[in-house]
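Have a look at it, then follow the questions below.

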Amino acid sequence: EADLELGKACEEAGDLPGAAAAYQRVYYGYPVSDEAAAAEPALRRLAVALGERYPAPAPATMLARAWKMLEARRWIPARHELEALAPRLAGAERDLARVRIGAADVQAGRAPAAFFYLRSLEVADPEADAERLHYLLAAARRMRKFDAMDAALADLRRRHPASPWRLEALEI
């Protein structure tokens, strides 16, 4: 609430970059709050008003917003956000966004779609690949594809033995 009010005050005072920063803290930090919903149109308005001077959020910040939405069980909105975000990213951030599209499908109960998506998805980043295999295993489990579960777990063990995603996969 304080950052939302700060954004309003900065905007009224003509400090548009300060307003954008305050609204971004709300929008990206608390994505499922009423305040984030109020900050969104303000950010759109400020992006137009500031043009090239608009302070673009860091890729990690945008990914963190989508992750928080997943944690809050807002799977479909998170998936849409990740779909829009992935083409704007590069490297490990892009890989992670693409993997989490499949993760959102797994969590939303769309295991078959997630399974086929994650099985065909190729990522270069090792941690994104470990997360991909984790969610592939989860989708296979929900579909009762035990051979696919074994294969995903074997890939995790062979390719990412020290990844926390491997440990989490063992708990599935």
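**Pocket, cores and a buried arginine**

Q: Which residues lie nearest the centre of the largest pocket?
A: This is a predicted model, and its largest pocket is lined by 14 residues. Helices α2, α3 and α5 (75-85) are the elements that each give two or more residues to that lining. Nearest the centre you'll find Y27, Y28, Y54, M62 and R88.

Q: How many charged residues are in the lining of the largest pocket?
A: Sorted by class, the lining has nine nonpolar residues and one polar residue. The charged ones number four.

Q: How much space lies in the largest pocket?
A: Rolling a probe the size of a water molecule over the atoms shows where empty space is left. For the largest pocket, that space comes to about 290 Å³.

Q: Which element gives the largest share of the largest nonpolar core?
A: This core has 29 residues, and Y23, L63 and L82 touch the most other members. Two or more residues come from each of α1, α2, α3, α4 (59-71), α5 and α6. The largest share is six residues, and it comes from α2.

Q: Which residues is L63 in contact with, leaving aside its neighbours within four places in sequence?
A: L63 is one of the residues that touch the most other members of the largest nonpolar core. Skipping those sequence neighbours, its contacts are L82, L85, L89, E93, L96 and A97.

Q: How many residues are in the second, separate core?
A: Among its members are V99, A103, A114 and L121. The count for this second core is 23 residues.

Q: Is R100 buried or exposed?
A: R100 sits in helix α6 (residues 91-107). Leaving aside neighbours within four places in sequence, R100 is in contact with W67, L70, L82 and E131. Its relative accessible area is 10%, and the cut-off for burial is under 20%, so R100 counts as buried.

Q: Which helices do the buried residues of α3 pack against?
A: An α-helix has 3.6 residues a turn, so residues three or four places apart point the same way. In α3 the buried residues are A36, A39, A42, L43, L46 and L50. They pack against α1 (2-13) and α2 (16-29).

Q: How far does helix α3 reach from its first C-alpha to its last?
A: Helix α3 covers residues 34-50, which is 17 residues, and 24 Å is expected at 1.5 Å a residue. Just after α3, G51 takes a positive phi of about 60°.

Notes
Residues numbered from 1 in each chain as written. Predicted model: local features only at pLDDT ≥ 70, side-chain atom pairs only at ≥ 80, totals over all residues. Heavy atoms only, no water. Helix = DSSP H or I, 4+ residues; strand = E, 2+ residues; numbered from the N terminus. Expected span 1.5 Å × (residues − 1). Buried < 20%, exposed > 50% of the residue type's maximum accessible area, 1.4 Å probe, protein only. Contact = heavy atoms within 4.5 Å. 1 Å grid on protein atoms, 1.4 Å probe; cavity = no way out; pocket = protein on both sides within 12 Å on 5 of 7 lines; lining within 4 Å. Points joined across faces, edges and corners; volume = space filled by probe spheres on them. Nonpolar A, V, L, I, M, F, W, Y, C, P; charged D, E, K, R; others polar. Core = buried A, V, L, I, M, F, W, Y, C linked by side-chain atoms within 4.5 Å.
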